[in-house]
Amino acid sequence: MKRLLLLLGLLLLIQPVSAAQIGWNVDLDNGYITTAPIIVDDQVIVRTSGFWSGDQRPHVYSFDLYDGGLNWKYKSESSTQHDMTPLLHIDSGKGDCGWWKEMILVGWTDGKITALDIEDGRLIWQTQTEIHTWGITGAMAIDGDEVVVPTRKGLSTFCLADGEENLRVDLPELGWRNGVSISEDYYLLGNEEGVLNKVYKNGIVENQSIGDGKIRHAPLQTNAGVLIHLQTDSGSKIFVDGQLLISSGYSPAIPIMNENIVHLATGSEYIILDCNSNCSIVSRSEFHSNGEITLRGEEAWLPRNTEEGGWGVFSNTSLIRVHQTNADTYTTAGVGFGPSQSMALGSDAGIMFVSYQSELDEPNQSDYFGIFIMMIIIALSLVSLRYAAILDLANLSKYLLLILMIISAYTLPQVANAWSNLIQEQNQGGDDWERPWDDDLAESCEGKQAVHIQLPWRDYMTCGLEGYETVEEITDAAAASNGIVIEKEQHDLGPWLLSFDGVKEEGWEFYIDGKRAMTGISQTTLKSDTVVEWRMA
Amino acid sequence: MVLTDGVHGPTLAPVESLVLNTVLIGAAFLLLCRPNTSAKKEILVLSIITLAAAASRVLLEPLANVQPLTMMCLVMGGVLGARRGMAFALMATLLSNAILSNGWWTLFQATGWAAAAFAGSKLALVIDGEIQMKRLLLSAAVASVLFDWWVSLSVWHSGMGLGEFALYLLNGLPFDALHVIASLTFSVWLAQHLADLIHQQVSLDLNENPVVSPDVRPN
């Protein structure tokens, strides 16, 4: 009985093994992903687009952010063109025309606007706008209790509560990806004739010809004036309040603005303008992007619309890296960012990749475990004292050995780590290690933390990282920002990395500044300029 | 020694794994198949002990390098003899690795514990059913370290120099120490009970099991 209790105590030392998977992907069956997925709480919502034939039709899908399970999907039976209007998430609210639930608004190329219940994808209301071969292709916008919809030849506003049309303005020229922007008194939208329309909320329209070209984005209202990136036959031109600022390359991306810093791109460059007072050029960097630019903190993510695909990640004015997946191709969709450092992205390949930062550690668990161990040791010590008192050395040594084993097992991670660090310090010397980046990245990589992950099909270099303390933390961050799915297993010694993007091969080894590490990923600490390299064994 | 960074040498392709398992199971079968053994009850008892050994390894796996199998192999070798002791070691390793993880290292672990069982059969660890505790403790300590170093060879690959491998072994010393302590603990707590169980339930193959006469008994 005594031995049975001791065995049970020993077994209780064993911590549960758990696996943490921090990403997933899903193939959306032939549809392109042309607009950014959106992440709302624990849902990832994405739409497919394509040139549909037969029974194929575009869908809107909602997946669980953390496990990739399908929450709901909505199929358009009548949209047969290339749907590229960004999804709009609407919080619940109320206005003059009533109240509405939290919902997703979807504009379709068959001219429909559908309001879908975010909980189950049920259709709340639907309305129809005009079709001129195509229906809605531009970005809609929210104005109070109304959604403002740029249609092919006009503009409409609808009540969020029931889809009732409040305003309709017909315009003479056709629009295409003609997103709308909102000010206090009017709406702005462009068209395929290079005309900027100012539609007052009372229905009066003013227009201004910007130039010989096409306006395929929502005009940006900066401190310096209305900014238009005009697509022309010879490239593109950027205008501010009708005045030409600069000329640039072909096929402009959809520009985006944050605090009057404007991010633009073309088939040849990425441009940053400071439009706080008058628009001035901050930087022009070589890059090929024609789609939706997404901002996250200091970073700008630009979809690369080339065969290689991926997203260029710029920090301020520098290209940090190109974020890539294992299904890259032409890409115009932006990136959806959400809680837990989550992000969702996809390309014309129609595969959505979702990743997030997993939380493995439960606070205070180790504290309780330590107390439990201490109680066992105290109990065993009391028994040992009893045998010591009667000079029963055989039993005394048995109990002392058991205590020693428990203490050793419990403290092994710390002891092994300290021992390993000591050895590493003793063995530091010169090396011929070459840093895993080329000259282009040297500026953003040197002097800061970096992670290099070598997958069979591609190397991922993540530079310019700061403040990470362990290999586990920095690897999680680098994988999350690259859309790489990590599989880990939790052991008593700490987490054990099993695979990147499902690649296990012969196991993974990590190197710290070119030297193979001898401690675990959660124990190996980093300096401010440590380079972590993950290589297959 | 246990690696701490998630790398445990190369994993095996399915065909390689099949070949390895076939070889090891075949060896265990040959070692067990003796014409004059084993009543059904003995087979059952030995099977249960083998399963228990594998289960103990699986259960204690989260405690790095706490390996009850080292002591068990020594005792099983000492009680049952080299042949059946080694068969026990191979089977227990294969069974536990089927759950823990199979790979190139399985070969090293299986042969390492089989070697421990072989050593147990030659070191007169059990005499007349009595565990020779001092000898067992010394054997367990040495076997634990040697086993760790032997298994560490499974991670030695072409790109690893001798110095790097030595560094690797050096890093593993705390793990080796824990293996030694655990083996000593299991020895003093469980070895005699294991020997008694086998003696009570299994008729020993005296042709194989060494008989040590009183005049050569260790002190």
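**Chain A overall**

Chain A has a mean pLDDT of 86, with 92% of its residues at 70 or more. Residues 11–21 of chain A are an exception, with pLDDT below 50, although this stretch has 31 contacts in the model beyond near neighbours in sequence. Where pLDDT is low, the predicted coordinates should not be read in detail.

The secondary structure of chain A comprises 5 helices and 43 strands. Of its 537 residues, 57% count as buried. Among contacts in chain A with a separation of 6 or more, 48% join residues 24 or more positions apart. The chain exposes about 23000 Å², of which carbon and sulfur atoms supply 48%.

**An open antiparallel sheet**

In chain A, 4 strands are arranged in the order E13-E14-E15-E16 as an open sheet with antiparallel pairing. Strand E13 (141–143) and strand E16 (165–170) of chain A each have a single partner strand, so one side of each is left without a neighbour in the sheet. On average, neighbouring strands of this sheet are turned by 20° against each other, direction ignored. The antiparallel pairing of E13(A) with strand E14 (residues 146–151) of chain A runs over 3 bridges. A:Val147, in E14(A), is the bridge partner of A:Ile142.

**A buried cysteine in a loop**

A:Cys279 belongs to the loop that links strand E28 (269–274) and strand E29 (280–286) of chain A. Its relative accessible area is 10%, under the 20% cut-off, and therefore A:Cys279 counts as buried. Leaving aside residues up to four places away in sequence, A:Cys279 touches A:Thr222, A:Ala224, A:Leu227, A:Val240, A:Leu245 and A:Asp274. The C-alpha atoms of A:Cys279 and A:Phe239 are 9.8 Å apart, while the two residues are separated by 40 residues in sequence.

**Nonpolar cores**

| Core | Size | Residues, among them |
|---|---|---|
| Largest nonpolar core | 68 residues | B:Ile49, B:Val66, B:Cys73, B:Val75, B:Met76, B:Phe88, B:Ile198 |
| Second core | 38 residues | A:Val26, A:Leu65, A:Leu465, A:Ala478 |

The residues named for the largest core are those with the most contacts inside it. Both chains contribute to this core: helices supplying at least two residues each include helix H2 (365–389) and helix H3 (393–426) of chain A, and helix H2 (40–59) and helix H8 (173–201) of chain B. H8(B) gives the most, with 13 residues. B:Val75 is in contact with B:Val126, B:Ile131, B:Leu136, B:Ala191, B:Leu194 and B:Ala195, apart from its neighbours within four places in sequence.

How values were computed: Residues are numbered from 1 along each chain as its sequence is written. Chains are lettered from A and ligands numbered from 1 in the order in which they are written. This is a predicted model: local features need pLDDT of at least 70, side-chain atom pairs count only at pLDDT 80 or more; totals for chains, interfaces and linings use all residues. Side-chain values use heavy atoms; hydrogens and water are left out. pLDDT is the predictor's confidence in each residue, from 0 to 100. Contact means heavy atoms within 4.5 Å. Two strands pair if DSSP finds at least two bridges between them. Axes are lines fitted to C-alpha atoms, for helices over the stretch in contact, and angles run from 0 to 180 degrees between N-to-C directions. Buried means under 20% relative accessible area, exposed over 50%, partly exposed in between (1.4 Å probe, protein chains only). Accessible areas come from the Shrake-Rupley method with a 1.4 Å probe; for residues, only the protein chains shown count as cover. A nonpolar core is a set of buried Ala, Val, Leu, Ile, Met, Phe, Trp, Tyr and Cys residues joined through side-chain atoms within 4.5 Å.
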